[in-house]
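Dear colleague,

I am handing over the structure we spoke about, together with some notes on what was found in it. Please read the notes with the structure open beside you.

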Amino acid sequence: MQQAEMVQRENWRSRLGFIMAAAGSAIGLGNIWRFPYLTGMNGGGAFIVIYLMCVIFVGLSIMIAEFAVGRKTGLAAVGAYKAHNRSWSFAGALGVLSGFFIMGFYPVVGGWSLAYMIKSVTGLLSVPEAIPDYFGAFITAPTEPLIWMLLYLAINVLIVARGVAEGIETAGKILMPTLFALLIFIIFRSVSLPGAGAGLRYLFVPDWSQVTGQTVLAALGQAFFSLSLGMGCMITYGSYLSKKENIPSNALTVVTMDTTAAIMAGLAMFPALFSFGMEPAQGPGLVFVVIPSLFAQMGSMGVLLSVIFFGALTIAALTSSISLLEVVVAYLMDEHKVERRKATFAASTVMAIMCILSSLSMGVLSGVQIFGVGFFDFFDILTDKIFLAIGGMLLAIFVGWFMDKEELRTELTNDGTVTFSFFELWYNLIKYVIPVAIAVVAAMGIAAIEQTSLMIFGLLVIVVLAIFSKKL
Ligand code: PHE
């Protein structure tokens, strides 16, 4: 049986190959761009503590579950659910929809990163005082960010249409360590600036007074987003995982790498930010303002480092967004028999339109609102605060209540050949704790939120998908 699986399903050539691909999907803009700015918008240390709890108690367990479902069925998200029970197709389809909508704003930020790589050489760093205003002017401009976004999206399309992510994964293998090394360098630089201590206190001394239901929902959503969970991406990766690999330890490695990257990004940015006397609640511009300001103090060496930093960030973003695009393309190919190239072009054309709207919502379309928010926020909030969390909850319910416990044990211990001492704990977390916890956090978030209509819209979409589940 193992033999048959091996023939059908291409396996990761090496353990490192799998870890790098899964970590490549996980580590991206979520860690370097989104995590620091959310931390700054949600009061610092308290947000980080809640985030870490979400990662440890929810994220890790869900990642183990996704790998297990993928490897057991040998199928990508929708197929894996469907193979088990047709009425569950909607949970897989919800994941595809999440990937699709995340691609409605992710390439916009990928484009900013690409632009900043080039702009580092063309004078961005020469007037340090102008850096904060420059970012605002750049993203609100009507055409320039669109060009960068389309360029970024085109790179994704080229890679996914040819069906070979090898090139980019090789680039990731070199640039991911580069990104880590650079972050370490920036951290040293950042903490040695005058007044940096205030930044460290902000990160590590929690101020609980700012915490609301929204903070907790933001942290949970960020954990799913950053770990690429709740949308079937890791189910798909798990389907390629060799039967010999230890799932829990692989999951632990990926989660640790992803979380380390996020914390390092925070450590790199906040001490410098406080030293420069900037506002922690900068919002989405944080990395694009703090990092160039820091490098601007270092002369031509700073220019070089800035190019490398934004280059590495762009590659990290690419290894994430190709996994998002691939989820959508794989669905069209497997379930609707669309040819790879056609599927890629069709999906990316719609994504380009969503991204144009998202990008323009920063500037000329800032007055246009759907469900009380602009386009960029619409795609962002809909996916990470609603779809991913509910997607994770559905997966937990599916695994905990609809799969056989002993089969899961067999899968996670490779038929008893490796030990997983926390199996019972993991199983109970998945079956009881996580579904309830996500429901409570979602309810708290809905209760505290300004965007109630958007939340209700998101939930309605899920209900509609569930009703039409058998057609998906
Ligand atoms: N985890 C990626 C990041 O942090 C984004 C992502 C989400 C990728 C979901 C795939 C699936 O940038």
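**The second largest pocket**

Helix α18 gives the most to the lining of the second largest pocket, contributing 6 residues. The model is a predicted one, in which local features need pLDDT of at least 70 and side-chain atom pairs count only at pLDDT 80 or more, while totals for chains, interfaces and linings use all residues. Residues are numbered from 1 along each chain as its sequence is written, and side-chain values use heavy atoms, with hydrogens and water left out.

The volume of this pocket is about 640 Å³; a pocket here is an open set of points on a 1 Å grid over the protein atoms alone, where a 1.4 Å probe fits, with protein on both sides within 12 Å along at least five of seven lines, and lining residues have an atom within 4 Å of a point. Of the 29 lining residues, Y37, M41, D377, I381 and K385 are the closest to the centre of the pocket. The elements that give two or more residues to the lining are α3 (29-41), α8, α12 (213-226) and α18 (375-402), where helices are DSSP runs (H or I, at least four residues) numbered from the N terminus. By residue type, the lining divides into 12 nonpolar, 11 polar and 6 charged, with Ala, Val, Leu, Ile, Met, Phe, Trp, Tyr, Cys and Pro counted as nonpolar, Asp, Glu, Lys and Arg as charged, and the others, Gly among them, as polar.

**A helix contact**

Helix α4 (residues 45-73) packs against helix α19 (residues 405-412) at an angle of about 95 degrees, with their axes 10 Å apart; the axes are lines fitted to C-alpha atoms over the stretch in contact, and angles run from 0 to 180 degrees between N-to-C directions. The two helices are therefore roughly perpendicular, a term that covers angles of 65 to 115 degrees. I64, A68, R71 and K72 of α4 meet E407, E411 and L412 of α19, contact meaning heavy atoms within 4.5 Å. These residues divide into 3 nonpolar, no polar and 4 charged.

**Two loop residues**

Most residues other than glycine have a negative phi. F371, in the loop between α17 (340-360) and α18, has a positive phi near 50 degrees, and counts as partly exposed because its relative accessibility is 33%. N414, in the loop between α19 and α20 (423-448), also has a positive phi, near 50 degrees, but counts as buried at 9% relative accessibility. Buried means under 20% relative accessible area, exposed over 50%, and partly exposed in between, with a 1.4 Å probe and protein chains only.

With best wishes

Definitions and conventions. Angles under 35 degrees count as roughly parallel, over 145 as roughly antiparallel, 65 to 115 as roughly perpendicular and the rest as oblique. Grid points are joined across faces, edges and corners, and a volume is the space filled by probe spheres set on the points.
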